[in-house]
Amino acid sequence: MATDYDAPRVKEEDQHTDSLEGLKAQQRGGAMTAVIDVEESDAIDGFDLPGADLSGEELLIKVVPPQADEFTCMSCFLVRHRSQIAREKNGEAYCLDCEG
């Protein structure tokens, strides 16, 4: 007897839902619910809505001014190391990524 190896293999527990009646019965049996994938850290902090009042929030990041070996790119406004200067014009420096 020839075996069709390309045919889908069906487990015994899945055979009852292969028929149209079985699929309809399965759909009627339970309500469809949406599952939202939320990370645990998101659930703890909550969600920020646009236009929310953040005046009571406190900044928890220490801001350090640019060091002597750093510059601020006048195109992307990122603070970068001096080794990444591509062009300097009128006292304004541009990084390799912006000039590349």
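**Charges and cover in a predicted model**

Trainee: Why is Glu99 called partly exposed?

Mentor: In this predicted model, Glu99 has a relative accessibility of 36%. Buried needs a value under 20% and exposed one over 50%, so 36%, in between, counts as partly exposed.

Trainee: What makes Glu99 and Arg87 a salt bridge?

Mentor: Their closest N and O atoms are 3.2 Å apart. The cut-off is within 4 Å for a side-chain nitrogen of Lys or Arg and a carboxyl oxygen of Asp or Glu, so this pair makes it. The two partners sit in distant parts of the chain: Glu99 belongs to helix H3 and Arg87 to strand S3 (residues 85-89), 12 residues apart.

Trainee: Is Arg87 buried, exposed or partly exposed?

Mentor: Partly exposed: its relative accessible area is 33%, and that falls between the 20% and 50% limits. Arg87 also lies over the face of Tyr94.

Trainee: How do you know that Arg87 is over the ring of Tyr94?

Mentor: Arg87 is 4.4 Å from the ring centre, and the limit for a charge over a ring is within 6 Å. Don't read that as ring-on-ring pairing, though: the structure holds zero aromatic pairs.

Trainee: How many salt bridges does a search of the whole structure find?

Mentor: Two. Beside the one between Glu99 and Arg87, there's Arg80 with Asp97, whose closest N and O atoms are 3.2 Å apart. That pair also links distant parts of the chain, with Arg80 in strand S2 (residues 79-81) and Asp97 in helix H3 (residues 96-99), 17 residues apart.

Trainee: Why is Arg80 called buried?

Mentor: Its relative accessibility is 17%, which is under 20%, so Arg80 counts as buried.

Trainee: Where is Cys95 found, and why is Cys95 called buried?

Mentor: Cys95 is in strand S4 (residues 92-95). At 1% relative accessibility it is under the 20% limit, so buried it is. With residues up to four places away left aside, Cys95 touches Phe71, Cys73, Cys76, Arg80, Gln84 and Ala86. From C-alpha to C-alpha, Cys95 is 8.8 Å from Arg82, 13 residues away in sequence.

Trainee: What makes Phe77 exposed?

Mentor: Its 57% relative accessibility is over 50%, so Phe77 counts as exposed. Phe77 is placed in the loop between strand S1 (70-72) and S2. Its C-alpha atom is 9.0 Å from that of Tyr94, 17 residues along the chain.

Trainee: How much of the protein is buried?

Mentor: Buried residues are 8% of the 100 residues. The accessible surface comes to about 9,600 Å², with 52% of it from carbon and sulfur atoms.

Trainee: What pattern does the protein follow along the sequence?

Mentor: It reads α-α-β-β-β-β-α, from three helices and four strands. Among contacts with a separation of 6 or more, 4% join residues 24 or more positions apart.

How values were computed:
Residues are numbered from 1 along each chain as its sequence is written. This is a predicted model: local features need pLDDT of at least 70, side-chain atom pairs count only at pLDDT 80 or more; totals for chains, interfaces and linings use all residues. Side-chain values use heavy atoms; hydrogens and water are left out. Rings of Phe, Tyr and Trp (its six-membered ring) pair if their centres lie within 6.5 Å; planes under 30 degrees apart count as stacked, over 60 as edge-to-face and the rest as tilted. A charge sits over a ring if NZ of Lys or CZ of Arg is within 6 Å of the ring centre and within 35 degrees of the ring normal. Helices (H or I, at least four residues) and strands (E, at least two) are DSSP runs, numbered from the N terminus. Buried means under 20% relative accessible area, exposed over 50%, partly exposed in between (1.4 Å probe, protein chains only). Contact means heavy atoms within 4.5 Å. Accessible areas come from the Shrake-Rupley method with a 1.4 Å probe; for residues, only the protein chains shown count as cover.
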